[in-house]
Amino acid sequence: MASVAKKPPKAVTAQWDETMEWWASHDIGCLTGTDVEEDPEGCTIRIQNFVDDVRKIRTAMNTDPAAPKGFYTEAYVIIDRLETYAATPAGEDDTAGWLAARPLIWMEGHDLGEWIAEHPLQ
C-alpha cells in the first residue's frame, strides 16, 4: 500500500486571514455589536463559533513546525484572556452572559489579529 503524502499545514497567518475573510463575508455585525438586538440568540451562537475559530488558531499555533520555542507565548496570553471572557456565561444557552462578554471576546480577537499580523512566521 502506497503512503499518501500529507499536505503541509497552512501557515497560522494564512489560517487567520481565511477565518477573518469568512467572518467579514458573513455575519460579523453581531461580533462587532451592530446587529445584536435583531437576533440575540443567533448572535450568541455566532459568538460561540468565533471562540471555536480562535481555538482552531491556537491548535494551529501548537502544531506549527516553523515556530521556535516560545514564539507564540504572547498570542497564547491573548487567547487565554479571550477564553476567560468566554467562560463567564453560564453555559451555551446563557444569551445575556454571552452578549455581555461579546465586546471583550471581540476585543481580544482583534488584538490577536494584530499580533498575528505583526509577527508573521511564514
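Entry 1: I took buried to mean under 20% relative accessible area, exposed over 50%, and partly exposed in between, with a 1.4 Å probe and protein chains only. This core has 28 residues, and Ile47, Phe50, Met61, Ile105, Leu112 and Ile116 touch the most other members. I then noted which helices contribute: α1 (12-25), α2 (29-32), α3 (40-62), α4 (73-86) and α5 (95-118) each supply at least two of the core residues. With 8 residues, α3 provides the largest share.

Leaving aside residues up to four places away in sequence, Ile105 touches Ile47, Phe50, Val51, Leu82, Tyr85, Ala86 and Trp98.

**Entry 2: conventions.** I recorded that residues are numbered from 1 along each chain as its sequence is written. I also recorded that the model is predicted, that local features need pLDDT of at least 70 and side-chain atom pairs pLDDT 80 or more, that totals for chains, interfaces and linings use all residues, and that side-chain values use heavy atoms, with hydrogens and water left out.

**Entry 3: the fold and the whole chain.** I listed the secondary structure from DSSP runs, numbered from the N terminus, where helices are H or I of at least four residues and strands are E of at least two. The chain holds 5 helices and 0 strands, in the sequence pattern α-α-α-α-α. Its C-alpha atoms fill a box of roughly 50 × 35 × 25 Å along the principal axes. I found that 38% of the 122 residues count as buried. Of the contacts between residues at least 6 apart in sequence, 71% join residues at least 24 apart. The accessible surface, computed by the Shrake-Rupley method with a 1.4 Å probe, is about 7,300 Å², and 56% of that belongs to carbon and sulfur atoms.

**Entry 4: salt bridges.** I searched for salt bridges, each a side-chain nitrogen of Lys or Arg within 4 Å of a carboxyl oxygen of Asp or Glu. The count comes to 6.

Which residue meets Asp39 in a salt bridge? The partner is Arg46, at 3.8 Å from N to O. Asp39 is partly exposed at 32% relative accessible area, whereas Arg46 is buried at 17%.

In α3, Arg55 and Asp52 are 3 residues apart, about one helical turn, and form a salt bridge with closest N and O atoms 3.1 Å apart. Both are partly exposed, Arg55 at 37% and Asp52 at 35%. I noted that Asp52, Arg55 and Glu83 are linked in a network of salt bridges.

Asp53 and Lys56, likewise 3 residues apart in α3, meet in a salt bridge at 3.7 Å, N to O. Asp53 is buried at 17%, while Lys56 is exposed at 55%.

Note on methods:
Core = buried A, V, L, I, M, F, W, Y, C linked by side-chain atoms within 4.5 Å. Contact = heavy atoms within 4.5 Å.
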